[in-house]
Amino acid sequence: MESCPRSRWRGRRQLQEAPGRPGLRAPEWLRASLGVSRAARCIVGWRWRWRRRRRRLGRGAGQSVRRAEAMAFWAGGSPSIVDYFPSEDYYRCGYCKNESGSRSNGMWAHSMTVQDYQDLIDRGWRRSGKYVYKPVMNQTCCPQYTIRCRPLQFQPSKSHKKVLKKMLKFLAKGEVPKGSCEDEPMDSTMDDAVAGDFALINKLDIQCDLKTLSDDVKESLESEGKNSKKEEPHELLQAQDSVGEKLGSGEPSHSFKVHTVPKPGKGADLSKPPCRKAKEIRKERKRLKRMQQNPAGELEGVQAPGHPPSLFPPKAKSNQPKSLEDLIFESLPENASHKLEVRLVPASFEDPEFKSSFSQSFSLYVKYQVAIHQDLPDECGKTEFTRFLCSSPLEAETPPNGPDCGYGSFHQQYWLDGKIIAVGVIDILPNCVSSVYLYYDPDYSFLSLGVYSALREIAFTRQLHEKTSQLSYYYMGFYIHSCPKMKYKGQYRPSDLLCPETYVWVPIEQCLPSLENSKYCRFNQDPEAVDEDRSTEPDRLQVFHKRAIMPYGVYKKQQKDPSEEAAVLQYASLVGQKCSERMLLFRN
């Protein structure tokens with residue numbers, strides 16, 4: 001019956017029109033990639049192979065287990081399907097501008113589950129569009145360490161509070177701070193990290209499908225990196241502004257530590273009073289002023305005899321600092337000058353809100369790239385914008401125990417008075433919110449939108465944690481100690497860096513001394529510690545070959561090319577045992 005063409009057509013039609021029969025209908029990801037007809041033929045071919053294997057194995061325990069595994073595979077939804085491309089050459093580094101210093105391994109993700117991507121970024125991977133890459137840490141010129149912040153213990157610093165107050169003053173009264181203010185966009189140079197892979201990514205976007213890959217894609221491709229504008233450290237400028245304000249007001253500036261070399265043989269002058277904190281001096285001034293106004297010396301809050309009761313009772317003092325949420329969501333007056341609204345929109349053209357705001361968001365992206373990174377307008381087309389900031393391999397998931405917005409890729413849009421002034425591209429994963437990119441209107445650089453958006457995303461992570469307890473981290477991309485413009489991420493404390501050898505998280509304070517001595521460091525101090533998820537059984541790696549899913553142990557018997565085995569084993573070592581068994585490695 002299966003050899004009859006008419007019967008085969010009838011079977012494909014039944015598969016396409018029987019959504020109520022689990023395990024028979026071709027999944028959405030397969031139909032989208034291959035087309036309805038080819039996907040149906042693929043399913044029929046797989047069913048025929050399973051029947052042939054069942055006849056060969058009989059109706060024993062092996063047959064029932066294999067069929068259960070197949071049904072569980074289809075019931076699990078869209079799996080991760082990737083093409084792996086080992087590093088074959090060095091490229092121009094977007095950070096130190098070394099013409100042949102950057103090196104990374106990459107893979108093109110046709111689709112990817114949020115759990116697989118969570119496990120990958122916990123092993124040093126990172127995505128740019130659908131291209132997922134991992135720097136070769138001990139060989140690249142600028143090692144890139146994955147950094148994550150712990151939002152539940154996060155306390156905003158003085159410079160963070162200054163940015164938040166600046167935004168509140170602008171919204172409430174329309175105040176614009178004087179002078180220029182350099183910003184710290186969250187990972188605004190992310191494309192520099194894969195600048196050498198641009199030509200490869202462009203080819204993959206056109207030629208990568210589940211049927212075949214052109215041989216020339218696998219060749220080493222060189223492309224020119226983008227020039228990025230060097231930014232002065234934001235913390236230094238804020239410190240200078242603060243010092244100027246202190247000096248101008250005549251207020252003591254003891255809170256600023258100025259390290260000077262003391263003169264030999266001279267120490268503290270004991271004839272002068274000891275130094276005191278500015279806060280203590282202000283309290284002393286207030287106390288003296290109250291004593292002058294109230295010679296009777298009544299205690300604060302106690303009514304003196306013969307005096308009328310105070311209309312304003314003393315305020316209860318509290319030593320508790322304001323939380324991040326208190327600073328962000330402080331109430332504004334009814335007649336506020338501006339209105340800011342933050343919208344979370346799924347990064348999908350199937351979403352009506354994302355589709356309706358696409359044109360405005362794209363125009364903002366072009367304006368940002370031209371002004372901040374000095375890109376040519378021709379380099380900022382809709383194709384490039386869609387490929388890197390709109391296309392995502394992550395499959396949207398909305399489990400009952402997950403956040404209300406679900407998991408996947410999103411655009412967090414900042415609307416000021418009805419227009420978009422900034423867009424933060426983020427991934428919401430089972431354990432974290434991962435910052436992908438930020439672009440903003442250069443006309444509003446005085447608001448420090450890079451810092452402000454990072455603080456908003458930290459607060460957003462805390463909000464998601466209330467519903468989903470395991471979602472408790474904020475990933476900021478890569479920390480590059482040797483690159484001054486990327487070191488600012490270490491200011492969001494407490495934070496951890498990922499050990500590039502054992503893939504455990506180490507507090508950044510413990511890592512900085514080692515990074516001062518060497519660009520590449522193993523942060524795990526235990527010399528006997530190893531990667532707990534290292535590839536120990538490569539034969540269990542899942543391969544997608546000729547429309548069939550098979551373990552690598554079966555696939556390698558059909559291959560004679562020794563380089564094929566080396567590439568597959570390298571892939572398994574980089575993604576780890578868990579991901580290698582879940583993800584499908586596409587081989588032509």
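Is arginine 547 buried, partly exposed or exposed, and what is its relative accessible area? Arginine 547 is partly exposed, with a relative accessible area of 41%, where buried means under 20%, exposed means over 50% and partly exposed lies in between, for a 1.4 Å probe and protein chains only. The structure is a predicted model, in which local features need pLDDT of at least 70 and side-chain atom pairs count only at pLDDT 80 or more, while totals for chains, interfaces and linings use all residues. Residues are numbered from 1 along each chain as its sequence is written, and side-chain values use heavy atoms, with hydrogens and water left out.

**The chain as a whole**
- The protein chain has 18 helices and 15 strands, which are DSSP runs numbered from the N terminus (H or I, at least four residues, for helices; E, at least two, for strands).
- Of its 588 residues, 47% count as buried.

**Loop residues with particular backbone geometry**
- Arginine 547, in the loop between strand S13 (542-545) and strand S14 (548-551), has a positive phi of about 65 degrees although it is not a glycine.
- Lysine 97, which lies in the loop between strand S1 (81-85) and strand S2 (104-111), is not a glycine but has a positive phi of about 65 degrees, and it is partly exposed, with a relative accessible area of 26%.
- The peptide bond from arginine 493 to proline 494 is cis, with omega near -5 degrees, and proline 494 belongs to the loop between strand S10 (473-479) and strand S11 (495-498).

- Helix H13 (residues 358-372) and helix H14 (residues 382-390) pack at an angle of about 100 degrees, with their axes 11 Å apart; the axes are lines fitted to C-alpha atoms over the stretch in contact, and angles run from 0 to 180 degrees between N-to-C directions.
- H13 and H14 are therefore roughly perpendicular to each other, a term for angles of 65 to 115 degrees, whereas those under 35 count as roughly parallel, those over 145 as roughly antiparallel and the rest as oblique.
- Phe358, Ser361, Phe362 and Tyr365 in H13 meet Lys382, Phe385, Thr386, Leu389 and Cys390 in H14, where contact means heavy atoms within 4.5 Å.

**Space inside the protein**
- There are seven cavities of 30 Å³ or more, a cavity being a set of points, on a 1 Å grid over the protein atoms alone, where a 1.4 Å probe fits but cannot get out.
- The largest cavity has a volume of about 80 Å³, and its lining (residues with an atom within 4 Å of a point) includes Arg123, Lys134, Tyr145 and Tyr503.

Technical notes: 1 Å grid on protein atoms, 1.4 Å probe; cavity = no way out; pocket = protein on both sides within 12 Å on 5 of 7 lines; lining within 4 Å. Points joined across faces, edges and corners; volume = space filled by probe spheres on them.
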